[in-house]
Amino acid sequence: MIGNYLIGLREGLEAVLIVVLLVAYLTKSGRAHLLPRIWAGIGIAVLISLGFGALLTFGPRGLTFEAQEMIGGSLSIIAVGLVTWMIFWMAKASKTLNADLKSQVDQVAEGSVIGLVLVGAVAVGREGLETALFIWAAARATGETWQPLLGAFLGILTAIVLGNMVNRGVLKISLSKFFAWTGAILVIVAGGVLAYGVHDLQEAGLLPGLHHLAFDVSGVIAPGGVLGTLLKGVFNFSPATTWLEATVWVLYVVPVMFLYLRTVFAPKTAVHS
């Protein structure tokens, strides 16, 4: 639940800030009458994201166990790829996001109605689809039902409140630091989702090594205990992990974390004249 709260908070805050920038720019540029087009696009994005989440949840039902595990494992790996891309994209695009959005609005503002609707839909829809897929994958990894959805909902609700406070000037936070540190945590969360996706593919019979365990600490960390539940909910940690899961986790987390931290926290080089 905590991991999904973080996902909802981060993705929700990204979407909220994008909406705030779009609305503020149209209002300050004297084009407030075009706001309904943006809101229509945002509404479409929300509906598509909810529909996508429902499809992921109810679509595989009725299939064989192996088919469900194959679909679940494949989508989990895709979710990790999308989230990894999102983390690095936000690290680089945050500096020019405001200017990029203004440029997109200026290009379509005086055109057809569909132009601004698409800007709003694409800007928010990307975050919505990524969130739906990753939360679904994380929920499968933890084996929980309603808790991940509650965590994600509370995270999105918190993001809306924070975004509104930032927009009104009531709250000042360093967004660059916020996204930097939450991105680092999400790398670890994504590593757990990736490992569980591999486990699904092992159960589906597509990958070997299902019964070859790298370690089994179930006797120390009970899967149903407080510590086991906490580690599972936040980092998707499994007390019984196969060699392939452990290998994949290390091969993902170590290089991705290194590259991410180097991208975000690398010292800026001075420009000499």
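## Contacts and basis of the model

A contact here means heavy atoms within 4.5 Å, and among the contacts of the protein with a separation of 6 or more, 83% are accounted for by residues 24 or more positions apart. This is a predicted model, in which local features need pLDDT of at least 70 and side-chain atom pairs count only at pLDDT 80 or more, whereas totals for chains, interfaces and linings use all residues. Residues are numbered from 1 along each chain as its sequence is written, and side-chain values use heavy atoms, with hydrogens and water left out.

The predictor's confidence in each residue, pLDDT, runs from 0 to 100; its mean for the protein is 81, and 88% of the residues reach 70 or more. Where pLDDT is low, the predicted coordinates should not be read in detail.

## Secondary structure and surface

The protein has 9 helices and 2 strands, where helices (H or I, at least four residues) and strands (E, at least two) are DSSP runs numbered from the N terminus. Along the sequence these elements follow the pattern α-α-α-α-α-α-α-β-α-β-α.

The accessible surface comes to about 14200 Å², of which 72% belongs to carbon and sulfur atoms; such areas come from the Shrake-Rupley method with a 1.4 Å probe, and for residues only the protein chains shown count as cover. Of the 273 residues, 43% count as buried, a label that means under 20% relative accessible area, with exposed over 50% and partly exposed in between (1.4 Å probe, protein chains only).

## Nonpolar cores

A nonpolar core is a set of buried Ala, Val, Leu, Ile, Met, Phe, Trp, Tyr and Cys residues joined through side-chain atoms within 4.5 Å. The largest one holds 31 residues, of which Val 80, Ile 87, Phe 134, Leu 186 and Tyr 252 touch the most other members. Helix 1 (2-28), helix 3 (65-93), helix 5 (113-142), helix 7 (175-203) and helix 9 each supply at least two residues of this core, and helix 7 gives the most, with 9 residues. A second, separate core has 19 residues, including Tyr 25, Leu 101, Ala 109 and Ala 123.

When neighbours within four places in sequence are left aside, Phe 134 is in contact with Ile 7, Ala 79, Val 80, Val 83, Leu 186, Val 189, Ala 190 and Val 193. Leu 6, which lies in helix 1, counts as buried because its relative accessibility is 14%. With the neighbours within four places again set aside, Leu 6 is in contact with Thr 182, Ile 185 and Leu 186, and the C-alpha atoms of Leu 6 and Leu 186, 180 residues apart along the chain, are separated by 8.1 Å.

Glu 245 is placed in helix 9 and is buried, with a relative accessible area of 4%. Apart from neighbours within four places in sequence, Glu 245 is in contact with Ala 195, His 199 and Gln 202. The C-alpha atoms of Glu 245 and Val 198 are separated by 6.2 Å, although these residues are 47 residues apart along the chain.

## Leucines with accessible area

Leu 50, found in helix 2 (residues 35-58), is exposed because its relative accessible area is 57%; its C-alpha atom and that of Leu 129, 79 residues apart along the chain, are separated by 8.5 Å. Leu 150, in helix 6 (residues 146-168), is partly exposed, with a relative accessible area of 32%.

Leu 150, Phe 153, Leu 154, Leu 157 and Val 161 form a nonpolar patch on the surface, with about 410 Å² of accessible area together. Patches are made of residues with over 30% relative accessible area and no salt bridge, like charges being joined within 9 Å and nonpolar side chains (Val, Leu, Ile, Met, Phe, Trp, Tyr) within 5 Å. A salt bridge, in turn, is a side-chain nitrogen of Lys or Arg within 4 Å of a carboxyl oxygen of Asp or Glu.
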